Amino acid sequence: MWYLYTRPLLITVQLLTVYSLPSGAFTWATLPPGLGEVLIHTHTHTHTHTHTHIYIYIYIYIYIYIYIYMHNINRIIYTIMLRLLYKQPSVLNGRKDVITVTPWLAPVVWEETFDTTLIDAIYKTQNITVATTVFAPGKYVWFLKDFLESAERHYMQGYHVHYYIFTDQPEAVPMVTLGANRSLTTLKIPSSNHWQEITLHRMEKLQKLIKTQLTNEVDYMFSLNVDTKFSGHWGAETLGDIVAVIHPGYYSRPYNEFPYERRPESQAYIPQGMGDYYYGGAVFGGRVEEVHRLVKTCLMQLELDKANSIEAAWHEESHLNKYFLYNKPTKILSPEYQWQELKFKINDIKIIRVSQVTPNLTEMNPDFLSDSM
Ligand SMILES: *[C@@H]1O[C@H](CO)[C@@H](O)[C@H](O)[C@H]1NC(C)=O
Ligand SMILES: *[C@@H]1O[C@H](CO)[C@@H](O)[C@H](O)[C@H]1NC(C)=O
Ligand SMILES: *[C@@H]1O[C@H](CO)[C@@H](O)[C@H](O)[C@H]1NC(C)=O
């Protein structure tokens with residue numbers, strides 16, 4: 001075949017280009033044809049006419065060379081692109097300073113345990129929507145501005161997000177510009193000054209919202225505390241069937257020091273010598289039907305406690321801990337996802353993704369804490 005002759009010819013061409021053209025020109029064979037043409041043109045003008053023929057041949061041979069090796073070039077480009085996409089996952093190397101999987105084999109999400117590119121490649125094709133519910137009763141609306149603005153910078157970027165804000169003061173919800181594919185709905189709740197009432201309302205409203213709307217509309221949901229401020233990436237690595245967060249205050253403590261509800265009269269009762277981790281009440285989430293099960297159970301137990309005139313030590317956080325003891329979370333977020341501003345950074349924590357905001361009592365109202373809001 002005619003192109004079998006192009007090999008020896010090509011060597012000649014390459015030798016010629018190396019000797020007769022500016023340094024670096026011998027790499028032309030790997031340049032796109034159009035660029036080679038431009039370079040040749042530029043060059044012919046600086047030489048006598050006798051050389052022009054040679055350059056035309058050079059151009060033709062380079063073109064043929066590229067044509068024949070196009071197949072290989074495609075393969076090379078493909079391999080490079082795959083490498084850029086994500087690093088090879090390792091079976092042997094990973095973080096050794098913290099646990100990354102629970103004894104019941106649920107992953108614990110820490111920085112350096114996941115590859116964002118790889119995770120996004122999985123979830124972005126699914127066109128998922130993450131409902132995000134926030135309770136802002138009374139003066140808690142003060143936190144909404146920071147919450148929403150920081151969430152728009154860090155939370156579930158590139159995914160559909162629907163915020164549901166529960167408040168007794170819808171008019172006080174700040175106007176925050178939302179990105180593409182992100183929306184916000186404000187839902188009114190009755191005013192109350194008592195924590196048990198507020199917690200009950202929260203669970204009631206959540207249960208109703210999930211049942212009437214979320215089950216048909218969204219895939220995943222998170223219930224987040226309004227006094228959280230995002231300061232780092234919070235993405236699809238947090239998605240799972242039923243997700244809890246490890247409380248930053250107790251993650252290195254033995255479980256007999258956990259502030260579980262210890263009175264057997266409460267539905268949130270956990271006896272000494274039992275427990276897994278101490279989970280924070282600021283974050284829970286997962287697939288909508290799983291969160292629905294959690295919310296229904298907690299609501300029932302909160303109502304029973306109310307009927308028995310007992311209030312769990314840490315309100316719904318106590319009930320969540322009870323629930324997660326018997327219904328193990330399928331994914332656990334490390335304290336990176338619920339840090340507290342006052343705590344100093346320690347070695348295990350490589351990034352603070354979320355921290356609790358200290359309220360500015362001057363801006364808010366002096367009696368902010370006195371009425372247990
Ligand atoms: C993705 O989901 C959103 C919200 O649920 C919907 O409006 C949109 O049509 C969906 N897009 C595709 C391509 O399925
Ligand atoms: C919004 O969602 C659509 C799919 O429904 C997607 O094609 C588009 O890229 C998204 N936009 C942004 C800014 O994420
Ligand atoms: C609280 O808000 C007031 C009024 O906006 C401001 O002057 C003050 O510096 C703030 N305090 C803190 C600790 O941020």
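**Entry 1**

Strands here are DSSP runs of E with at least two residues, helices are runs of H or I with at least four, and both are numbered from the N terminus. Two strands count as paired if DSSP finds at least two bridges between them. F230 has V354 of β11 as its bridge partner.

I note that this is a predicted model, in which local features need pLDDT of at least 70 and side-chain atom pairs count only at pLDDT 80 or more, while totals for chains, interfaces and linings use all residues. Residues are numbered from 1 along each chain as its sequence is written, and chains are lettered from A and ligands numbered from 1 in the order in which they are written.

I then traced the sheet, which is open, has 3 strands in the order β6-β11-β10, and has mixed pairing. β6 (228–230) and β10 (339–340) are at the edges with a single partner strand each, so one side of each has no neighbour in the sheet.

**Entry 1: the whole chain**

I noted 9 helices and 11 strands in the chain. Of its 373 residues, 31% are buried. A residue is buried if 20 or more other C-beta atoms lie within 10 Å of its own, exposed if 12 or fewer, and partly exposed in between, with C-beta atoms placed from the backbone. Among contacts between residues at least 6 apart in sequence, 74% join residues at least 24 apart. A contact means that the C-beta atoms of two residues, placed from the backbone, lie within 7 Å.

**Entry 2: the sheet of 8 strands**

I followed a second open sheet, with mixed pairing and the order β1-β9-β7-β8-β5-β2-β3-β4. Its edge strands are β1 (108–109) and β4 (182–188), each pairing on one side only. β1 pairs with strand β9 (residues 331–333) in the parallel sense over 2 bridges. There V108 stands opposite I332.

Next I checked β7. How many of its 5 residues are buried? The count is 5 of 5, so β7 is largely enclosed by the rest of the structure. I242, A244 and I246 are buried on one side of β7, and V243 and V245 on the other. β7 runs antiparallel to β8, with 4 bridges, and A244 faces F284 there. With β9, β7 runs parallel over 3 bridges, and V245 has L333 as its partner.

β5 (residues 220–225) is mostly covered, with 5 of its 6 residues buried. Strand β2 (residues 129–135) runs parallel to β5 and is joined to it by 6 bridges, V134 being partnered by L224. Strand β8 (residues 279–287) pairs with β5 in the antiparallel sense over 5 bridges, and M221 stands opposite G286.

Two packed helices are described by the angle between their axes and the distance between the axes. Axes are lines fitted to C-alpha atoms, for helices over the stretch in contact, and angles run from 0 to 180 degrees between N-to-C directions.

The axes of α6 and α7 come within 9 Å and cross at roughly 150°. That makes α6 roughly antiparallel to α7 (angles under 35 degrees are roughly parallel, over 145 roughly antiparallel, 65 to 115 roughly perpendicular, and the rest oblique). Residues in the contact include L200, M203 and I210 of α6 and V291, V295 and L299 of α7. By class, the contact has 11 nonpolar, 5 polar and 5 charged residues. Ala, Val, Leu, Ile, Met, Phe, Trp, Tyr, Cys and Pro count as nonpolar, Asp, Glu, Lys and Arg as charged, and the others, Gly among them, as polar.

Helix α7 (residues 288–307) packs with helix α8 (residues 315–326) at an angle of about 120°, their axes 10 Å apart. α7 and α8 are therefore oblique to each other. Among the residues making this contact are L294 and Q301 of α7 and H319 and Y323 of α8. The contact divides into 5 nonpolar, 3 polar and 1 charged. α8 also lies across β7 (242–246) and β8, at about 55° to β8.

**Entry 3: one loop residue**

I looked up Q169, which sits in the loop between β3 and β4. Is Q169 buried, exposed or partly exposed? It has 16 C-beta neighbours inside 10 Å, so Q169 counts as partly exposed. Q169 and S191 are 22 residues apart in sequence and 8.5 Å apart in space, C-alpha to C-alpha.
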